[in-house]
Amino acid sequence: MCLTACISIHAAAADYLQSRLNNGLRYHILPTGEHNSRLAVQLQVEVGAADEENGEEGMAHMVEHMNFRSSPAYPQGIAAQLSARSWQMGRHFNAQTTYDYTRYLLLPPRGNRELEDSLTIAAEILRPRQFKPSDWQIEQKTVLNEWRNRQNAENRLTLKRNAPLLQGSHHGRYPPIGGETAIRTAEAGQLSRFHNKWYAPNNAVILITGDIDPQTVQRELTKRLGDLQRITLPARCGIECEPPLQNGWRSATVQDAENGDSSLDLVFRFRNPSSRRADSEGEYQRLLDNFAAYIIESRLKKQTLPPTILSLSLHSGNLARQTGSVSISAVTTPDGHRNALHTLLNLRRSILAEPATEEEIAAYRRLFAPNTPISATSVLPQNLTAALQDADRGIFRQQSWQNRTEYNKTVRQQLYRIDSKAVNRRIREWLDADDKLAVARAPGNRKPELPDSSRFEQFAASALPPAQTATSQPNRREKKNKLSSAAKKTVRPDDGAMPLLPQNRPSADGSPFYAPIPGQVLNSRFDHPNKVAYYQLGNGDQAVILQHPSAGDRVYFQALSEGGYMQSTLNPLQAKLAAELLWQQMPDKWQQWSRPHGLGLNYRLDSHSQSVSGDVPYVRLGELLRL
């Protein structure tokens, strides 16, 4: 008896199967172009921390942990039995809970020979569960330990950065892991009820990809998950998920004793349901977003900046399920926020006053053409990493996978709908949105100097004091996948000499670092009026050192790269988990050494960028750079 309701078997590629079981489980079976026995199974359950009601804080994440404990098919515990069969936590099985979903990843060590086991695990995760109190007593300690590891500067700063953007929404209540009290007071029975309320085949989507035979996988999937029962699902978080938008300008500051960043962002928030659609119109809207971002970035590149602004960049993304944001960001000197605000407010005005031309739109359209060839043959993902990235971009966002030919046809069809009128309308929707926010971050507990937000427009029209308009500099943009750093250090007022890069010297205090490998400075120059030194390093990085008295006796360091977890060589879920583990599990000897020596370091990974920032007494700059 076939339990598969063939609602849609996608014909985009002969070997790609997309359909739904009678119990509502959506599935995608996607073979890759490699023949190496590799297999990946990803299961996404449509529940996250934003769906938690009062009294359920952190339960989506706690349930994620408990799903690897004992079950009918794995009485000794899924994680324990997998470990006994040489599966490694993190490498071969892992999971992630966000505000919007919970996702499980299985990469069996024996590849497609463990297809049946992988599908059985997926079935156990979705099956109704009665978690044992004894299991929760053990797992509770693991969750608490994870919570403690997250009590670091980077996670604290992330919460503070997000607070003004998400305030008033379910996304802004607490991090997905929840709070310590919620973890300590949760009971196994509560977790079972939460699981059974949300975990069911009709609230999940599964991807099976790798060196596989699609028909065989389809039969096994039906056999092992087809008997799961659908349930009546509660309503998901709706308007409660969206941050309430306000009219007019507001301002917020982010301060933390361990923060080394100094920046100012103009953030524009708006509802963007049209860009989330899983159809051709959604593709058009996302392309339109790309064109608008391209025009804004081209305007940023033409700007000359005051010496208190080190670089400009544009960021866009989704804040919640129907809310997006665009921000123009300036990396500043520690006391440069007022100057940066004046510059960015006027930059916004100039962008709105200089509409995109048809010539600019045509130029950007031509950039797409070489990357969207229309081939006569279907092209499957080249490897497992490419397939998992496709899933992260589309399949798990309620879209279908498209082979490259099909996708390119869709893009080209929408590409020629875009004209300058549509792009200028999108830019105005962004930069003239009702909800506008200036967010300032300063090193340590320094309070950024900003005018009252009710006076922003008048402030933008005013002239800056002469001391802040002395000399301008070109906008320094980070090259793709290259590291750019900016460090500020104190010098004597009469010291006009070019600062030297720190020398590699052995540490005399037992600092836990590997011996550095000597590098090479290819060229350098020094801007005497502004006391800015530029170094081109042999590894392709550029170092920028700004001498500024506001730094006192400390150095403030920031390294920026455009390589994020959506790089073509990375598995997005594993990259995000690896970044979390790196900073949660920093070796004890580093933790014990850093604080007494006044050295702080933070890390942030986004989809298309990453940054490292920190500060340290000037005499220990070499140690910071070695780290």
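Tutor: A salt bridge is a side-chain nitrogen of Lys or Arg within 4 Å of a carboxyl oxygen of Asp or Glu. Please bear in mind that this is a predicted model.

Student: What makes arginine 269 and aspartate 435 a salt bridge?

Tutor: The closest N and O atoms of arginine 269 and aspartate 435 are 2.9 Å apart, and the limit is 4 Å. The pair therefore ties together parts that are 166 residues apart in sequence, since arginine 269 lies in strand E9 and aspartate 435 in strand E13.

Student: How many salt bridges does a search of the whole structure find?

Tutor: The search finds 33 salt bridges.

Student: Why are helices H1 and H7 called roughly perpendicular?

Tutor: Helix H1 (residues 59-66) and helix H7 (residues 188-198) pack at an angle of about 95°. Angles of 65 to 115 degrees count as roughly perpendicular, and H1 and H7 are therefore described in that way. Their axes are 9 Å apart.

Student: Which residues meet where H1 packs with H7?

Tutor: In H1 they are Met59, Ala60, Met62, Val63 and Met66, and in H7 they are Gln190, Leu191, Phe194 and His195. By class, this contact has seven nonpolar, two polar and no charged residues.

Student: How do you know that the reach of helix H9 is close to the expected value?

Tutor: Helix H9 (residues 280-301) has 22 residues. The expected span is 1.5 Å times one less than the number of residues, which gives 32 Å for H9, and the helix reaches 32 Å from its first C-alpha to its last.

Key:
Residues are numbered from 1 along each chain as its sequence is written. This is a predicted model: local features need pLDDT of at least 70, side-chain atom pairs count only at pLDDT 80 or more; totals for chains, interfaces and linings use all residues. Side-chain values use heavy atoms; hydrogens and water are left out. Axes are lines fitted to C-alpha atoms, for helices over the stretch in contact, and angles run from 0 to 180 degrees between N-to-C directions. Helices (H or I, at least four residues) and strands (E, at least two) are DSSP runs, numbered from the N terminus. Angles under 35 degrees count as roughly parallel, over 145 as roughly antiparallel, 65 to 115 as roughly perpendicular and the rest as oblique. Contact means heavy atoms within 4.5 Å. Ala, Val, Leu, Ile, Met, Phe, Trp, Tyr, Cys and Pro count as nonpolar, Asp, Glu, Lys and Arg as charged, and the others, Gly among them, as polar.
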